[in-house]
Amino acid sequence: MKQIIFAVEDDAAIQELYTYSLENDFDCHCFDNGNSFFDALSKGIQDPFIIPDLILLDIMLPGDDGYTILSRLKTNKLTSHIPVIMVSAKGEEISKVKGLNMGADDYLSKPFGILELLARIKANLRKNNKSNRTANENDNIVYKDIVIDFTKHSITANGAQIQTTLKEYNLLCLLCENAGKVQERENIFSEVWKNDYIGETRTLDIHVKELRKKLSEAESKVVIQTIRGVGYMLS
């Protein structure tokens, strides 16, 4: 399952640009105004599988403008964590400052290139994932019978402690934090291996195989699913 982008934009040409440029990497949904956007978002909150991972938000919109929509997002605890990139033809610094001061995570001025758009989206998704992990460092991650204790750097599955390498530990943390969502191989390497990755993709499969073996030995009910051609997902 691809990461989900919601774009609030009333310009049909920009909507088409979003759809075309993001379709290979993301699942992009475009909305003409705040009303249709919040309708879709409320349905997503009831079904976590369609909550957006990032929002592209134009400033000049019919009805509620981007600032009003941003305020509603950032004052609601159910949506305040979603990164928002403000997008506008306004080039004045005051517009950028206002958006950032209201809680926007980034600002993109029209016209923009596809490569810049993709780079901004991916950078903000990485930043959001890392900040969420840092905020939870003193907490546990619990998924079904798996408990990951950050303070002790330990993992238990079905009540039994399992021994892992550092890469296995970080890999299972990533999968548990995103349980139910497919993690693409490229994203896994970026988050777990970082600069240590030197191009050998087989190493990920080996680590997954070892984790599966250890979870099986602990008789855990958690399954690491292979999504062929895409990556892995915890279920």
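**Before selecting anything**

The model is predicted, so local features need pLDDT of at least 70 and side-chain atom pairs count only at pLDDT 80 or more, while totals for chains, interfaces and linings use all residues. Residues are numbered from 1 along each chain as its sequence is written, and side-chain values use heavy atoms, with hydrogens and water left out.

**Stop 1: the whole chain**

Colour by secondary structure. The protein has eight helices and twelve strands; helices (H or I, at least four residues) and strands (E, at least two) are DSSP runs, numbered from the N terminus. Of its 235 residues, 44% count as buried. Buried means under 20% relative accessible area, exposed over 50%, and partly exposed in between (1.4 Å probe, protein chains only). Among contacts (heavy atoms within 4.5 Å) between residues at least 6 apart in sequence, 57% join residues at least 24 apart.

**Stop 2: the largest nonpolar core**

Select Ile146, Ile148, Leu171, Cys176, Ile188, Leu204 and Ile224. These have the most contacts inside the largest nonpolar core, which has 28 residues. A nonpolar core is a set of buried Ala, Val, Leu, Ile, Met, Phe, Trp, Tyr and Cys residues joined through side-chain atoms within 4.5 Å. Two or more residues each come from strands E6 (140-143), E7 (146-149), E8 (154-157) and E12 (231-234), and from helices H6 (166-177), H7 (185-193) and H8 (202-217). H6 gives the largest share, seven residues.

Now centre on Ile146. Leaving aside residues up to four places away in sequence, Ile146 touches Ile141, Ile155, Thr156, Ala157, Leu172, Cys176, Leu215, Ser220 and Val222. Apart from this core lies another, of 22 residues; to find it, select Phe37, Ile55, Leu73 and Tyr107, which are among its members.

**Stop 3: H6 against H7**

Show H6 and H7 together. They pack at an angle of about 125 degrees, with their axes 9 Å apart. Axes are lines fitted to C-alpha atoms, for helices over the stretch in contact, and angles run from 0 to 180 degrees between N-to-C directions. That angle makes H6 oblique to H7, because angles under 35 degrees count as roughly parallel, over 145 as roughly antiparallel, 65 to 115 as roughly perpendicular and the rest as oblique. The crossing is right-handed, that is, the near helix is turned clockwise from the far one by less than a right angle.

For the side chains, select Lys167, Asn170, Leu171 and Leu174 in H6, which meet Asn187, Ile188, Glu191, Val192 and Trp193 in H7. The residues of this contact divide into five nonpolar, two polar and two charged. Here Ala, Val, Leu, Ile, Met, Phe, Trp, Tyr, Cys and Pro count as nonpolar, Asp, Glu, Lys and Arg as charged, and the others, Gly among them, as polar.

**Stop 4: H8 against both helices**

The axes of H6 and H8 come within 10 Å and cross at roughly 80 degrees, so the two helices are roughly perpendicular to each other. On the H6 side, select Lys167, Glu168, Leu171 and Leu172; on the H8 side, Leu204, His207, Val208, Glu210, Leu211 and Lys214. This contact has five nonpolar, one polar and four charged residues.

Next, hide H6. The axes of H7 and H8 come within 11 Å and cross at roughly 80 degrees. Arg185, Ile188, Phe189 and Trp193 of H7 make the contact with Thr203, Leu204, Asp205 and His207 of H8.

**Stop 5: Tyr143**

Select Tyr143, in strand E6. Tyr143 counts as buried, at 17% relative accessibility. Its contacts, not counting residues up to four places away in sequence, are Cys176, Ala179, Val222, Leu234 and Ser235. The C-alpha atoms of Tyr143 and Ser235 are separated by 9.2 Å, although the residues are 92 apart along the chain.

**Stop 6: backbone details**

Select Lys110 and Pro111. A cis peptide bond joins them, with omega about -5 degrees. Pro111 sits in the loop between strand E5 (106-109) and helix H5 (114-135).

Move to Asn158, in the loop between E8 and strand E9 (160-162). Asn158 has a positive phi of about 55 degrees although it is not a glycine, and counts as partly exposed at 37% relative accessibility.

Finish at Glu219, in the loop between H8 and strand E11 (224-227). Phi of Glu219 is also positive, near 60 degrees, and Glu219 is exposed, with a relative accessible area of 61%.
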